[in-house]
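Visitor: Could you walk me through this model, please? I'm new to reading structures.

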Amino acid sequence: MKGISTIHRMGGGLLLLVILLTPFIMLWLGKPFWLDIFTRLVILAIAASSLSLLLSVAGLASFGHAAYIGLGAYAVGIPVYYETYGGAPWLASYSGWWHLLLGVSVCALFALVTGAISLRTKGVHFIMITMAFSQMILYLLVALEEFGGDDGLSVDLRSDFSLPDLSLPGAESFGLPSVNLPSLNLPPVNLPPVNLPTVSLPPVSLPPVSLEEPWVFYLLCFALLLLVLFIVSKLKHSHFGRVLQAARQNEQRVRALGINPYRYRLLAFVVAGVFAGLSGFLFANYAYFVSPSMVEWTRSGELMFMVILGGVSSLLGPVVGASVFVLLEHFLSRLTVFWHLPFGLLLLMVVLFGRGGIIGMLKRDSQQ
Amino acid sequence: MDWVLVLTQALNGLQLGILLFLLSAGLTLTFGIMDLINLAHASFFMLGAFFCASATLYFDSFLIGIVCAVLGTALLAFVVEKSVISHLYVRDHLDQLLATFGLILIADTGVHLIWGPAGLAIPLPEPLQGQVRVGELVVPAYRLLIIGVGLFIAASLYWLVNKTRAGMLIRAGASNRQMLSTLGINVQLLFTSVFILGAVLAGLGGLLIAPITEASIGMGNDIIITAFVVIIIGGIGSIKGAFVAALLIGFIDTFGRAFLDSIFALFMSVDAAETAAPAVSAILVYLLMALVLVWRPQGLFPPKLR
């Protein structure tokens, strides 16, 4: 058994490495658009991983996870809108730190309030009440005429993470390699996201980090995916995660041990909401666009599909699910406009026959 | 207050309520009896409309269109129940949710393949195109027909569920299905029949509204969510609850959209009221459901259990 789990761990690392490198290899092969697809893939993987904390670890079938993506995205869209067109000076900003702070606090608050109410219900009622709260956000965003209502809002530029005093003197001269040039040298681009955490310390010698640079943005997304996976894995194997899993399997027994699972579930709900908000933050930056359609219930359904498709028992299940989802969507939609048909069939097959998702099937194979 | 306007809106609310009832009746039965979440109910709503549109255009008769649509929906429901749904009864709610979500994708794309991306209008027969005048109140005749037919179906359903042997089995199934199968009832047959009944009712809802809105792809995907709200508020498994909650939501939603800005303007500036009212009226229904779930999680009229 020990050997098998090592194989799985190596397989997981390999998978992440493949995801990280594929767009670079594809660029080398002269297909730069793969960067776009993989950025979307990584962002969706973050959202799916956050949902898997609820779905797989805590056993809470939240059907409103898209709401947090929408909230996180509008936390970018609205400040950028105000900064560009004036108004609401307390909100307006291009600063990515402000967008993140805003998105994370709004998502945490929304998760805290709706979670506190939703978690009092069980089973199908829980599914429906989380969906209802998500619908509220949807219609709220539709009703916001100032921010485009139904049509959404375009985000003029990506969140700005450079320090204000740095960006002025000769920031251009640092000159990150432009992505439009076919002859780009990869190594220097790799560095900036690694330097991100230390940004606050020395106000000198740091190249300005511009998310407008697609490679930088991709690497930021990937780093955040690693961070989310790391935290989810730590949580899963902590006391906190064990209580959640135990309560999923047998709530009465956990209560008999003197532990009330409610608080643990609420915390999980908030953490998952914050991570989904993070993916929303990235989505707004990725698409230069936010709209209420990000919050439609079908989006929440797709996220659930990714988690189930990949397999609920494994940390990387949601990453596998998101990858398969995005790649299938890409290939099928190029093949035919009717790509939802094979997609729906696949969904049916996975639910009816594929217990444990893709990772579950792989595990069964390797155990035989 | 303008009473003609209030009455008109009341009729609109009644119409929406009846439509919601047609959708939720099947939903609440499949949910209460088979413990099945069926998102694909939305697809029968849509398919009823498309079947009716095609048949109406082909035979040049709305009535024949309705009959064909009912038969078509019933047949399709039978096939879907046997091939997919019957495997889902023993699964958990998450699996049911995802599988029926898959069915929605298949149905929507199927409709796209067969009928194309554009909507399909259903021409109404001459006598139904007119308007009925009562004093100052002017109502399209067809809307009155929807309300009349809806109330008739609701009454028939009440009779079926409360006065017949089949209805007794349905009620028994909603209360305790293990007991039902222990007593030697063919539960599989009951499940199939209830599923078909629900699908036909949803199809009827779709074809009734289609002459007003057109039959279009995904037309049921929004209203199905409201129908879920209805059955949660009404109490899962209860036809009476579905009826009361459907009308309640129909009225609340319609009146909210029509009058909330005037009500808000009583205690805030007109500008603020006009901004706030659409947002609040859109979420009113969900707010109500959240309140009911917190205050009475079993719904307003839960079926008697055990």
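Guide: Let us begin with one residue, Glu214(B), which lies in the loop between helix H8 (187-213) and H9 of chain B. Helices here are DSSP runs of H or I with at least four residues, strands are runs of E with at least two, and both are numbered from the N terminus. Please keep in mind that this is a predicted model, in which local features need a pLDDT of at least 70 and side-chain atom pairs count only at pLDDT 80 or more, while totals for chains, interfaces and linings use all residues. Residues are numbered from 1 along each chain as its sequence is written, and chains are lettered from A and ligands numbered from 1 in the order in which they are written.

Visitor: Okay, and what is the phi of Glu214(B)?

Guide: Phi of Glu214(B) is near 80 degrees, which is a positive value in a residue other than glycine.

Visitor: Is Glu214(B) buried, exposed or partly exposed?

Guide: Glu214(B) counts as partly exposed, because it has 15 C-beta neighbours inside 10 Å. A residue is called buried if 20 or more other C-beta atoms lie within 10 Å of its own, exposed if 12 or fewer do, and partly exposed in between, with the C-beta atoms placed from the backbone.

Visitor: And where is Asp35(B) found?

Guide: Asp35(B) is found in the loop between helix H1 (3-34) and helix H2 (41-59) of chain B. Its phi is near 55 degrees, again a positive value in a residue other than glycine, and Asp35(B) is buried, because 20 other C-beta atoms lie within 10 Å.

Visitor: Stepping back, how many helices and strands are there in chain B?

Guide: Chain B has 11 helices and two strands, and from the N terminus on its elements run α-α-α-α-β-β-α-α-α-α-α-α-α. The radius of gyration of chain B, taken over C-alpha atoms, is 20 Å, close to the 19 Å that the globule rule gives for 306 residues, so chain B is as compact as a globular protein of that length. That rule is 2.2 Å times the number of residues to the power 0.38. Along its principal axes the C-alpha trace of chain B spans about 60 × 50 × 35 Å, and buried residues make up 46% of the 306 residues.

Visitor: How do the two strands run?

Guide: Strand E1 (residues 131-134) and strand E2 (residues 137-140) of chain B run antiparallel and are joined by four bridges, where strands are said to pair if DSSP finds at least two bridges between them. Val134(B) stands opposite Leu137(B) in E2(B), while Gln131(B) stands opposite Pro140(B) in E2(B). The hairpin has two residues between the strands, and Gly135(B) takes a positive phi near 60 degrees there.

Visitor: New topic: where is the kink in H11(B) centred?

Guide: The kink in H11(B), of about 45 degrees, is centred on Leu284(B); the bend at a residue is the angle between axes fitted to the seven residues ending there and the seven starting there. Several residues of H11(B) are buried, among them Ala277(B), Ile283(B) and Tyr286(B). What covers the buried residues of H11(B) includes helix H4 (96-118) and helix H5 (123-143) of chain A, together with H9 and helix H10 (239-265) of chain B.

Visitor: Last one: what pLDDT does chain A average?

Guide: Chain A averages a pLDDT of 83, and 84% of its residues score at least 70, where pLDDT is the predictor's confidence in each residue, from 0 to 100. Over residues 165-206 of chain A the pLDDT is below 50, and beyond near neighbours in sequence this stretch has 38 contacts in the model.

Notes: Two residues are in contact if their C-beta atoms, placed from the backbone, lie within 7 Å.
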